[in-house]
Amino acid sequence: MVNRFLSLVAMGALLFPAGAYARCEGHVPQPKPQNTFAQDVGRKLDRIIEDGWIEFALYEDYRPWSYEEKGKAKGVDVEIARLIAADLGVEPRFRLVAAGENLEADLLNYVWKGAVIGGHVSDVMLHVPYDSELVCRIEQVTFTGQYAIESVAIAYKGEEYPEKGPTPPYFRVDPVAVENDSIADFYLTSLIGSVPKIHRYKSAGAAMDALASGETLAAMGPRAQLEDGLVRHPEAGLKVHEPPLVGFARGKWTVGVGVNFQHKDLGYTVDMAIEKALADGRIAKIFADYGLTFAPPQR
């Protein structure tokens, strides 16, 4: 399973040095959405206020960001969505969605057009990576509301590495857990080859379970998902660090929200709500409540 928030193109940008992404020269714009029924292209801000509710598209089974527990949506992104809804004075509704083959498919299905069969767009999608290359390529979506920086890290058993945490070259010898077909999987494979010491699991959470149980000595992936494993396995003596990653041009990236390009007033309003919650510490507190390190975006 690929990382839920990165398209294959975005993965390539993280693994290899990028060109002049700040410019849009050379990009061929995608076709503009065709005229469709109103419910297929989302709701205006005035309609959201009038209806008294706002719908957020969130990835399912994606701890610690968004997941279901005892029939209720939980996670960092869920709590950020609640902040946005409260700022607008409306009720939050959560739509937990499956990740598609890539980010473009997710944005098409949940933000600007809707799935071909029985699909509708949500008002806002959270955990959308902000990257100027994506902004240039996907014109149907307004990328805004950046609320955190994610980074690639390594979790490890403290007793196995008492002096300092491991770096990728260790994994030529020491077993390491990764999510299958994830950014960490691609990186380690490109760096050290398909050695048997790379153990692949269906999710980053499963990789952390393997580390906690002693199947591997380390795990590599997005820091928040690794730290969630520390929270779930406090008895395992696990630690997380971010060592230098050779050949990793962009080991950090910013996440924000995506809104249908036709509803820029909604995008501005959501962005303002997030900016206030960053300024007064409410978003930092959400991360702390989930036992996660918070890295604020450069706004």
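**Reading helices, burial and backbone in this model**

Me: Helix 3 and helix 9 are roughly perpendicular to each other. At roughly what angle do the axes of helix 3 and helix 9 cross?

Reply: Two packed helices are described by the angle between their axes and the distance between those axes. Here, helix 3 (residues 76-88) and helix 9 (residues 264-279) have axes that come within 9 Å and cross at roughly 110 degrees. Axes are lines fitted to C-alpha atoms, for helices over the stretch in contact, and angles run from 0 to 180 degrees between N-to-C directions. Angles under 35 degrees count as roughly parallel, over 145 as roughly antiparallel, 65 to 115 as roughly perpendicular, and the rest as oblique.

Me: What should I know about the model and its numbering?

Reply: It's a predicted model, where local features need pLDDT of at least 70 and side-chain atom pairs count only at pLDDT 80 or more, while totals for chains, interfaces and linings use all residues. Residues are numbered from 1 along each chain as its sequence is written, and side-chain values use heavy atoms, with hydrogens and water left out.

Me: Which residues of helix 3 and helix 9 make the contact?

Reply: Contact means heavy atoms within 4.5 Å. Helix 3 brings L83, I84, D87 and L88, and helix 9 brings L266, T269, V270, A273, I274, K276 and A277. By class, that's eight nonpolar, one polar and two charged residues (Ala, Val, Leu, Ile, Met, Phe, Trp, Tyr, Cys and Pro are nonpolar, Asp, Glu, Lys and Arg charged, and the others, Gly among them, polar).

Me: Is A273 buried or exposed?

Reply: Buried means under 20% relative accessible area, exposed over 50%, and partly exposed in between (1.4 Å probe, protein chains only). A273 sits in helix 9 and, at 5% relative accessibility, counts as buried. Leaving aside neighbours within four places in sequence, A273 is in contact with I84, D87 and R282. A273 and L88 are 185 residues apart in sequence, yet 8.1 Å apart in space, C-alpha to C-alpha.

Me: How many helices and strands does the protein chain have?

Reply: The chain has 10 helices and 11 strands. Helices (H or I, at least four residues) and strands (E, at least two) are DSSP runs, numbered from the N terminus. Buried residues make up 52% of the 299 residues. Among contacts between residues at least 6 apart in sequence, 74% join residues at least 24 apart.

Me: How many of the residues of helix 4 are buried?

Reply: Seven of the 10 residues in helix 4 (residues 103-112), so call it mostly covered. The buried ones are L103, E104, D106, L107, Y110, V111 and W112. Seen down the axis, they fall within an arc of 155 degrees, so they line one face of helix 4. The arc is that of the directions from the helix axis to the C-beta atoms. The cover includes strand 1 (53-59), strand 4 (91-97), strand 5 (124-130), helix 5 (132-137), strand 6 (141-157) and strand 11 (252-260).

Me: Which residues of helix 10 are buried?

Reply: In helix 10 (residues 282-289), I283, I286 and F287 are buried. They cover an arc of only 95 degrees around the axis, which puts them on the same side of helix 10. These buried residues pack against helix 3, strand 6 and helix 9. The face turned away from the buried side carries the exposed residues K285, A288 and D289. After helix 10 comes G291, with a positive phi near 70 degrees.

Me: Which residue other than glycine has phi near 55 degrees?

Reply: That's K70, with a positive value. K70 lies in the loop between strand 2 and strand 3 (72-74) and is exposed, with a relative accessible area of 84%. D61, not a glycine either, has a positive phi of about 50 degrees. D61 is in the loop between strand 1 and strand 2 and is exposed at 59% relative accessible area. P64 lies in the loop between strand 1 and strand 2 (67-69), and the peptide bond from R63 to P64 is cis, with omega near 0 degrees.

Me: At roughly what angle do the axes of helix 7 and helix 8 cross?

Reply: Helix 7 (residues 204-213) and helix 8 (residues 223-232) cross at roughly 45 degrees, their axes coming within 9 Å. Helix 7 and helix 8 are therefore oblique to each other, and their crossing is right-handed. A204, G205, M208 and D209 of helix 7 meet Q225, L226, G229, L230 and R232 of helix 8. That contact divides into four nonpolar, three polar and two charged residues.

Note on methods:
Left-handed = near helix turned anticlockwise from the far one by under 90°.
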